[in-house]
Amino acid sequence: MTGRYASVVSDPFISAALLEGIPSTYAGTRDGIDSILRDRGLRRSTPEDTARSLLLGAAATASLEGSEYDADTLAAGGGDAVARGAVRLSTELLGLLPTWNRSPVQALARIHALAASGSADDADLGRPVNPDGVARLTELAWMLGQPTEAPGLVVAALVNAEITAAGAFSSHNGVIGRAAERLVLLAKGVDPASVLVPEAGHAAEPAGYRSALEAYAGGQPTGVHQWLMYASQAFTRAAEASPLAR
């Protein structure tokens, strides 16, 4: 996505958002999310709903890294280093929104430091190590600063995939991508109370998630299209996993 056409168009996300079938698919996905959440009380959501969503997201994102502990175990302080890092990240993630809006790369560095502490070398915490990945994140940050007519769901999906594919950090790039996806959903007003569980949407279909990411990483429009079509389904599952959908 970055480094190819983004710097020569005024709306760097719109080309992907207009790929065949994407506009109608994402309109339907957004309608489904609104139906599940708003009709069941989004406007009456509580801080406890948000906290539960973040905890469920921590369990889900850790599971995609091979850590199998449920949310209740994590809430009780259990789990391995990966799971504990995911919980630590979940407690601070929403507070990073101002930093994300001002300096996405700085926010990503903090996300890595939170998630990787205890399972990565201290010297690597918050420090990108791949120069090509850093260049991609820098261009992504520029893109996020431009006005766009692309739906927030599309932007969130592309941000997740681009961060993961860039591989800028020594570890936890997938965790970082999924955390950024949640921040974009919040920043774009798709999920202002952060009660969706996008991480669970991916963890429910791990093979499909990894296959779609691999396709995206190939750098071709067909791969971007495959990822976006997959992500639309993941967002539907994210709404179904919300505490408000119970």
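Reader: Which residues in H2 meet Leu153, Val154 and Ala157 in H9?

Author: In this predicted model, the H2 side brings Ile22, Tyr26, Thr29, Arg30 and Ile33. On the H9 side they meet Leu153, Val154 and Ala157. By class, this contact has 6 nonpolar residues, 1 polar and 1 charged.

Reader: How do I read the packing of two helices, and at what angle do H2 and H9 pack?

Author: Two numbers describe packed helices: the angle between the axes and the distance between the axes. Helix H2 covers residues 22-38, and helix H9 covers residues 152-166. Their angle is about 105°, and their axes lie 9 Å apart. Angles of 65 to 115 degrees count as roughly perpendicular. H2 and H9 are therefore roughly perpendicular to each other.

Reader: Now H5 and H7. At what angle do their axes cross?

Author: The axes of H5 and H7 cross at roughly 140° and come within 7 Å. H7 spans residues 104-116. That angle makes H5 oblique to H7.

Reader: Which residues make the contact of H5 and H7?

Author: H5 contributes Gly85, Arg88, Leu89 and Glu92. H7 contributes Arg110, Ile111, Leu114 and Ala115. The classes in this contact are 4 nonpolar, 1 polar and 3 charged.

Reader: On to cavities. How many of 30 Å³ or more does the structure hold?

Author: The structure holds 1. About 90 Å³ of space lies in the largest cavity.

Reader: How many residues line the largest cavity, and which lie nearest its centre?

Author: The lining has 13 residues. Thr61, Ala86, Leu89, Leu93 and Glu199 lie nearest the centre. Leu89 also belongs to the H5 side of the contact with H7.

Reader: Which helices each supply at least two residues of that lining?

Author: Helix H3 (47-63), helix H5 (81-92) and helix H10 (173-187).

Reader: How do the lining residues divide by class?

Author: They divide into 7 nonpolar, 3 polar and 3 charged.

Methods:
Residues numbered from 1 in each chain as written. Predicted model: local features only at pLDDT ≥ 70, side-chain atom pairs only at ≥ 80, totals over all residues. Heavy atoms only, no water. 1 Å grid on protein atoms, 1.4 Å probe; cavity = no way out; pocket = protein on both sides within 12 Å on 5 of 7 lines; lining within 4 Å. Points joined across faces, edges and corners; volume = space filled by probe spheres on them. Helix = DSSP H or I, 4+ residues; strand = E, 2+ residues; numbered from the N terminus. Nonpolar A, V, L, I, M, F, W, Y, C, P; charged D, E, K, R; others polar. Axes fitted to C-alpha atoms, helices over the stretch in contact; angles between N-to-C directions. Parallel < 35°, antiparallel > 145°, perpendicular 65-115°, else oblique. Contact = heavy atoms within 4.5 Å.
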